[in-house]
Amino acid sequence: MSHTFSLSRVARLVGVSRSTLQRMIKAGEISTHDGEVEMDELLRVFPDVKWENDGEYARVEEIKKKAFAKRVFERALPDREVLADRLFDLSSEFAAAKSLLMHYDQLFDWTLRKLDDVAETGGADTAQAVSALKTWLRGQIQAAPKEAERGVILLAEESAMRIVSAQVKVQPSGHEFFVEGTDTILEAALRAGIPLNYGCSNGNCGECRARLVSGEIKKVHPHDFVLKESEKANGTFLMCSNTAVTDVVIEASVAGATDIQPQKIATKVKSVELIDAHIAALHLITPRSQRLRFLAGQRVHLIADGAAGDYYIASCPCEDRHIELHIRRDNRPFARKVFEDLRREDPVTIEGPQGAFVINMTSRRPVIFAAWDDGFAPIRSLVQHAMSLEMAESMHLYWVSEALSHYQDNLCRSWTDALDNFTYVPLGVDGGAQNVAERILSAHHDLTHTDMYAAGPAAFLHHLRDGAMARGLSPLGWHGEVVV
Ligand code: FES
């Protein structure tokens with residue numbers, strides 16, 4: 001039986017994104033069975049990958065080197081009990097494989113002896129044929145297959161990966177992510193940008209209930225919420241209390257914009273970054289035990305010392321306790337507060353989130369993002385969320401600058417450098433909203449299988465939407481948010 005790898009593991013092993021692999025599968029360049037890639041196929045498609053220099057193997061080497069740096073060690077490895085369980089599982093697998101190998105070895109010796117018996121009882125021709133057969137068999141055993149050495153390294157790297165991280169597959173959404181370090185399944189999902197449903201995140205509300213379909217989990221945090229006996233019997237568990245010991249499949253629901261309850265969180269200013277004279281990036285940090293639950297593309301109500309205002313979150317929900325907002329210098333009270341005297345450690349209350357300008361997580365189609373001035377804030381959050389989910393076949397970002405500069409131009413260029421499926425085009429406003437919309441669309445003749453997310457003034461959205469629909473964009477593929 002051939003060894004197989006999940007797409008997520010292949011992505012990590014060969015250092016390409018899942019969306020690239022999906023493109024290759026669609027193009028027939030790599031074949032899969034039940035969503036898994038066989039080892040021979042992997043070695044065939046990626047003959048040039050030097051496993052020992054990339055991915056998890058190198059990462060484990062790095063961890064070993066830095067073992068004295070306690071924090072790195074703690075972040076990368078699971079807690080001792082989970083580590084022991086994973087090592088035990090791997091040892092059992094190794095023992096089973098070794099015992100099977102010993103059995104085959106004995107079978108080979110027994111076959112040779114049987115052949116000797118046949119040679120003794122047969123004539124000269126039989127003895128000659130048996131001798132030739134034995135020589136051939138020994139030759140086959142000794143001649144290591146061409147790919148054997150690379151296969152050994154590949155398996156070693158995969159084993160290292162399974163000790164460091166366990167993979168979670170979510171049904172029915174199909175999302176996949178890895179649980180690393182001491183993370184619970186919920187923490188790992190949120191870090192990967194997958195908004196699994198949850199409430200308190202500390203074992204009280206029961207909102208994060210999921211069902212274990214296969215694999216092994218372990219409780220790493222106690223919880224007060226009491227599961228019914230019938231729930232326990234069918235494998236229900238709390239994602240905020242458990243981690244994955246082995247690769248697991250779970251049934252869990254993914255939250256949409258309407259599933260997220262309003263929250264009120266007392267944050268602190270981490271920094272006010274004056275990007276230029278007209279725009280500031282406000283970085284907030286939530287309390288250690290409380291993160292803001294939101295989806296990329298949503299906005300919040302901010303209050304600082306009596307000054308209030310609504311702003312889009314520019315950071316990804318995957319960024320844990322850090323929240324970034326882009327504040328334009330204008331006469332709104334909150335903007336005045338930020339540019340005049342808001343300082344590090346000052347309290348800022350967040351209320352929200354609001355809005356339904358969020359990503360369609362079931363779509364795998366190419367995506368076009370279009371932002372006008374600081375409409376870039378929600379678009380940035382959506383782009384980063386889409387990147388963390390590795391969901392889109394390709395992504396194109398257009399950023400139109402009118403009153404503001406392309407104030408995070410370098411960040412957008414770094415995305416282009418880092419991803420082979422990402423393009424970025426900064427645009428001026430010459431000719432007005434209609435002209436800009438036409439310039440964006442001129443590069444996309446057929447939008448039948450595309451999603452479009454745009455944030456900016458109503459006139460811009462109007463022209464972009466009409467032009468996109470004329471090129472085949474489905475009404476379900478259009479997502480527009482008026483940002484003024
Ligand atoms: S999120 Fe409340 S119990 Fe897990």
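A residue counts as buried when its relative accessible area is under 20%, and as partly exposed when the value lies between that limit and 50%. The exercises below concern a predicted model.

**Exercise 1. Cysteines**

Task: Determine which cysteines form a disulfide, what its handedness is, and whether Cys318 is buried or exposed.

Solution. 
- Step 1. A search of the whole structure gives one disulfide.
- Step 2. The disulfide joins Cys316 and Cys318, with 2.3 Å between the sulfur atoms.
- Step 3. Cys318 has a relative accessibility of 17%, so Cys318 is buried. Cys316, at 1%, is buried as well.
- Step 4. Cys240 is buried, at 5% relative accessibility. Cys205 has a relative accessible area of 29% and is therefore partly exposed.

**Exercise 2. The surroundings of Gln384**

Task: State where Gln384 is found and which residues Gln384 touches, leaving aside those up to four places away in sequence.

Solution. 
- Step 1. Gln384 belongs to helix α12.
- Step 2. Its relative accessibility is 15%, so Gln384 counts as buried.
- Step 3. Beyond four places in sequence, Gln384 is in contact with Ala314, Ser315, Cys316, Glu319 and Trp415. One of these contacts, Cys316, is a partner in the disulfide with Cys318.

**Exercise 3. Aromatic pairs**

Task: Classify the pair of Tyr311 and Phe334 and the pair of Trp399 and Tyr407.

Solution. 
- Step 1. A pair of aromatic rings is described by the distance of the centres and the angle of the planes. Planes under 30 degrees apart count as stacked, those over 60 as edge-to-face, and the rest as tilted.
- Step 2. The structure holds eight aromatic pairs. In one of them, the ring centres of Tyr311 and Phe334 are 5.7 Å apart and the planes stand at 50°, so this pair is tilted.
- Step 3. The partners come from distant parts of the chain, 23 residues apart: Tyr311 lies in strand β13 (residues 307-312) and Phe334 in helix α11 (residues 333-340). Both Tyr311 and Phe334 are buried.
- Step 4. Trp399 and Tyr407 form an edge-to-face pair, with 5.1 Å from centre to centre and 85° between the planes. Trp399 is buried, with 0% relative accessibility, and Tyr407 is buried at 8%.
- Step 5. An aromatic cluster is formed by Phe357, Phe369 and Tyr453.

**Exercise 4. Charges over rings**

Task: Identify the ring over which Arg12 lies and the ring over which the charged end of Arg293 sits.

Solution. 
- Step 1. Arg12 is placed over the face of Phe178, 4.0 Å from the ring centre.
- Step 2. For Arg293, the ring is that of Tyr198, and the charged end is 4.7 Å from its centre.

**Exercise 5. Nonpolar cores**

Task: Describe the largest nonpolar core and the contacts of Leu196.

Solution. 
- Step 1. The largest nonpolar core has 59 residues; those touching the most other members are Phe177, Leu196, Met239, Ile250, Phe369, Ile379 and Leu397.
- Step 2. Helix α12 (residues 376-389) supplies the largest share of this core, eight residues.
- Step 3. Leaving out residues up to four places away in sequence, Leu196 has contacts including Val170, Phe177, Leu186, Met239 and Arg293.
- Step 4. Another core, of 22 residues, lies apart from the largest one; among its members are Ile265, Leu282, Ala335 and Leu342.

Notes
Residues are numbered from 1 along each chain as its sequence is written. This is a predicted model: local features need pLDDT of at least 70, side-chain atom pairs count only at pLDDT 80 or more; totals for chains, interfaces and linings use all residues. Side-chain values use heavy atoms; hydrogens and water are left out. Rings of Phe, Tyr and Trp (its six-membered ring) pair if their centres lie within 6.5 Å; planes under 30 degrees apart count as stacked, over 60 as edge-to-face and the rest as tilted. Helices (H or I, at least four residues) and strands (E, at least two) are DSSP runs, numbered from the N terminus. Buried means under 20% relative accessible area, exposed over 50%, partly exposed in between (1.4 Å probe, protein chains only). A charge sits over a ring if NZ of Lys or CZ of Arg is within 6 Å of the ring centre and within 35 degrees of the ring normal. A nonpolar core is a set of buried Ala, Val, Leu, Ile, Met, Phe, Trp, Tyr and Cys residues joined through side-chain atoms within 4.5 Å. Contact means heavy atoms within 4.5 Å. A disulfide is a pair of cysteine sulfur atoms within 2.5 Å.
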